[in-house]
Amino acid sequence: MTQPTAPQPTTAQPDAALSFEQKLANYADLLVHVGVNLQPGGKLHLNAPIEAATLARLIVQRAWEAGAVAVDVEYHDQRLTRLMYDHAQEAALEYVPAWATERAMHQIDDGYSFLSIAGSDPDLLAGADQGRIARRSKVTAQAGKPAAERHMAFEINWSMGAMPVPSWAARVFPGIPQEQAIAQLWDAIFAVSRADQPDPVAAWRSHTEQLARVHTHLNARRYHALHFRNDHTDLTVGLADGHLWAGGAWAARNGIAGVPNLPTDEVFTAPHRNRVDGYVRASKPLSVRGTLIEDIFMRFEAGRVVKASASRGQDVLSALLDTDEGAGHLGEVALVEYDSPVARTGLLFYNTLFDENAASHIALGQSYAFNLGPTEGGLEQAGANSSLIHVDWMIGTPDTDVDGVYADGRRESVMRGGKWSF
């Protein structure tokens, strides 16, 4: 069998002549035409922080220009979330209006694409009552599960982008004036999303073709498990029966191919929930539920977390694991080269959309249905996981080796020193 050529970094270079306005317009183009790949006659639901109004208007303009027949924008204010946790009555934490779920389900039925813009303070909920946060998170996850399952089955197109807000920019670039920090974070976002290139759509086409070559190779190997090793990790991740590798662009059930995350440098699949053994230490902090969790360490036996610790955010980590029975099992395993564009920035973004693309990672919780081939018994029969959460955390390092292990025990190299070895 002819081995595929290992993907190489995109050779296109940033265009220093592009103004901020041109890069922002490129970014809006990418989110509409690459992210959700909106088609003439399509419908778009955009969720964005109130600080993203300028970007949101560009996205809406591009959507109308693409021939959309409906564009719906929903703004949110992150500070309102903190006010709820600090001041709301207990009954308010338990209340989610039925119409919120019904609306999402109707929009899915109506063929809407969903685009979300991330941009929040990584420490928004630091010091807040973690019990209240856990209860509210579980209630909203339960209410949103019907729509979330349809998203994760890729019934419709969805994608995510980001924009800086002052608190986030200050965390990534501390100790400099606010405007400078925001400008530098924009530059980083433009760079890793390829919006700073003269033809960003063509750059993304080349990049997704490279990722497709990788997951096509992995799908052909039919490994039974992956074995991760570095100085702080010795972890065997069994793979679900009939698992499928994905990454980059792929088609939703409507036949339209989009890219769920901008940026993305991962290929990923579904682990077997009962075949994970060994220990693993996080290579980067995790920002989740408005809190930073640092130095995560976990030990797995027969697929389940039997020990979990962190030097910071232990209460949040424990609350995540206590969400439901599936929260202590893995729902995703992803491979990312250690020198990906996000990794080359040298930044910790304090945002999973970016940080997960700097390193190979695993996710606690729900598996993606589209990472499985046809099975009579669905996720459970294939050994995939079900949960109210899906939380990615990074484990890859420049010294990480990954072997593919066959059912008969044979193994071959997949990564050496954090780079593809095939």
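This note walks through some features of the structure above, point by point.

1. **Ground rules.** This is a predicted model, in which local features need pLDDT of at least 70 and side-chain atom pairs count only at pLDDT 80 or more, while totals for chains, interfaces and linings use all residues. Residues are numbered from 1 along each chain as its sequence is written, and side-chain values use heavy atoms, with hydrogens and water left out.

2. **The main core.** A nonpolar core here is a set of buried Ala, Val, Leu, Ile, Met, Phe, Trp, Tyr and Cys residues joined through side-chain atoms within 4.5 Å. Buried means under 20% relative accessible area, exposed means over 50%, and partly exposed is in between (1.4 Å probe, protein chains only). The largest core has 52 residues, and those with the most contacts inside it are Tyr-27, Leu-55, Ile-59, Ile-117, Trp-168 and Trp-186. At least two residues each come from helix 1 (20-35), strand 1 (43-49), helix 2, strand 3 (112-118), helix 7 (166-172), helix 8 (178-193) and helix 12 (352-355). Helices (H or I, at least four residues) and strands (E, at least two) are DSSP runs, numbered from the N terminus. Which helix gives the most to this core? That is helix 8, with 8 residues.

3. **A closer look at Ile-59, and a second core.** Contact means heavy atoms within 4.5 Å. Leaving aside neighbours within four places in sequence, Ile-59 is in contact with Ala-28, Leu-31, Val-32, Leu-44, Leu-46, Leu-115 and Ile-117. A second, separate core of 42 residues includes Leu-218, Val-237, Val-288 and Val-316. As background, nonpolar side chains tend to be buried together in soluble globular proteins.

4. If you colour by strand, look for an open sheet of 8 strands in the order 14-13-10-6-5-18-19-20, with antiparallel pairing. Strand 14 (304-309) and strand 20 stand at the edges with a single partner strand each, so one side of each has no neighbour in the sheet. Two strands count as paired if DSSP finds at least two bridges between them. Strand 6 (residues 233-239) and strand 10 (residues 271-281) pair in the antiparallel sense over 5 bridges, and Thr-236 stands opposite Asp-277 in strand 10.

5. **Salt bridges at Lys-419.** A salt bridge is a side-chain nitrogen of Lys or Arg within 4 Å of a carboxyl oxygen of Asp or Glu, and by this rule there are 26 of them. Lys-419 bridges to Glu-337, with the closest N and O atoms 3.5 Å apart. This pair links distant parts of the chain, with Glu-337 in the loop between strand 15 (330-335) and helix 11 (341-344) and Lys-419 in strand 20 (residues 419-420), 82 residues apart. Lys-419 also forms a salt bridge with Asp-339, the closest N and O atoms being 3.1 Å apart. Asp-339 lies in the loop between strand 15 and helix 11, 80 residues from Lys-419. Glu-337 is buried at 15% relative accessible area, whereas Lys-419 is partly exposed at 26% and Asp-339 is partly exposed at 22%. Elsewhere, salt bridges that share partners join Asp-109, Arg-150, Glu-155 and Arg-253 into one network.

6. Glu-65 and Arg-62 form a salt bridge, with their closest N and O atoms 3.9 Å apart. They are separated by about one helical turn because they are 3 residues apart in helix 2 (residues 53-65).

7. **Charges over rings.** A charge sits over a ring if NZ of Lys or CZ of Arg is within 6 Å of the ring centre and within 35 degrees of the ring normal. The charged end of Arg-194 sits over the ring of Trp-204, 5.2 Å from its centre, and that of Arg-410 over the ring of Tyr-406, 4.3 Å from its centre.

8. **Backbone spots to check by eye.** Leu-262 and Pro-263 are joined by a cis peptide bond, with omega about 15 degrees; Pro-263 lies in the loop between strand 8 (257-258) and strand 9 (267-269). Tyr-350, not a glycine, has a positive phi of about 55 degrees. Tyr-350 is in the loop between helix 11 and helix 12 and is buried, at 16% relative accessibility.
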